[in-house]
Amino acid sequence: MFGCLVAGRLVQTAAQQVAEDKFVFDLPDYENINHVVVFMLGTIPFPEGMGGSVYFSYPDSSGMPVWQLLGFVTNGKPSAIFKISGLKSGEGSQHPFGAMNIVRTPSVAQIGISVELLDSLAQQTPVGSAAVSSVDSFTQFTQKMLDNFYNFASSFAVSQAQMTPSPSEMFIPANVVLKWYENFQRRLAQNPLFWKT
């Protein structure tokens, strides 16, 4: 029903079923994992009105499991990427895996998936640092910044007849700023990370 993927490792598709509605994946050598992808295999959908909350568990200094809510997967959102590298020092949260006797070893973390009502999922608050920043938010910021710059620069536009000669100042034609603005937007739409090259 579920799969789990860590960069540089084989895909895991054989989750350990620890209860009728609870599944666990082991993550050996978890200290070297930054992100984890949890996804539905597409073979068995959730029952109507159900989804899966996704938890990350790692052993604390005394060896006890610390569980943190990462987010969820549903039939409408069948996969999610979570950043777990910053969670290893955080505090645990309320979770549905507490009373279960799950076999674990000290250097192994776990991803737990609990099948729950969608209404229940909507009430849960994942750990904020587990969300992966998306290119869309960066693109949105860049677009807003471009718009702001263009509007600001355009507010100073004057016609050639309105210009007063000032030998100490340089003037940039508004059509040059507009051309730069349009080129930048086009390049950003083609590749949001073009500026890194």
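Helix 2 gives the lining of the largest pocket its largest share, four residues. Helices here are DSSP runs of H or I with at least four residues, strands are runs of E with at least two, and both are numbered from the N terminus. A pocket is an open set of points on a 1 Å grid over the protein atoms alone, where a 1.4 Å probe fits, with protein on both sides within 12 Å along at least five of seven lines; lining residues have an atom within 4 Å of a point. This is a predicted model, in which local features need pLDDT of at least 70, side-chain atom pairs count only at pLDDT 80 or more, and totals for chains, interfaces and linings use all residues. Residues are numbered from 1 along each chain as its sequence is written, and side-chain values use heavy atoms, without hydrogens and water.

Helix 2 spans 135–154 and helix 3 spans 174–190; each supplies at least two lining residues. The lining has 14 residues, and the closest to the pocket centre are Ala-153, Phe-156, Ala-157, Ile-172 and Ala-174.

Now the overall order. The protein has three helices and eight strands. From the N terminus, the elements run β-β-β-β-β-β-β-β-α-α-α.

Strand 4 has two partners to follow. Strand 1 (residues 2–5) pairs with strand 4 (residues 35–40) in the antiparallel sense, over four bridges. Strands count as paired if DSSP finds at least two bridges between them. Here Gly-3 stands opposite Phe-39. Strand 4 also pairs with strand 7 (residues 79–83), again antiparallel, over five bridges. In strand 7, Ser-79 is the bridge partner of Phe-39.
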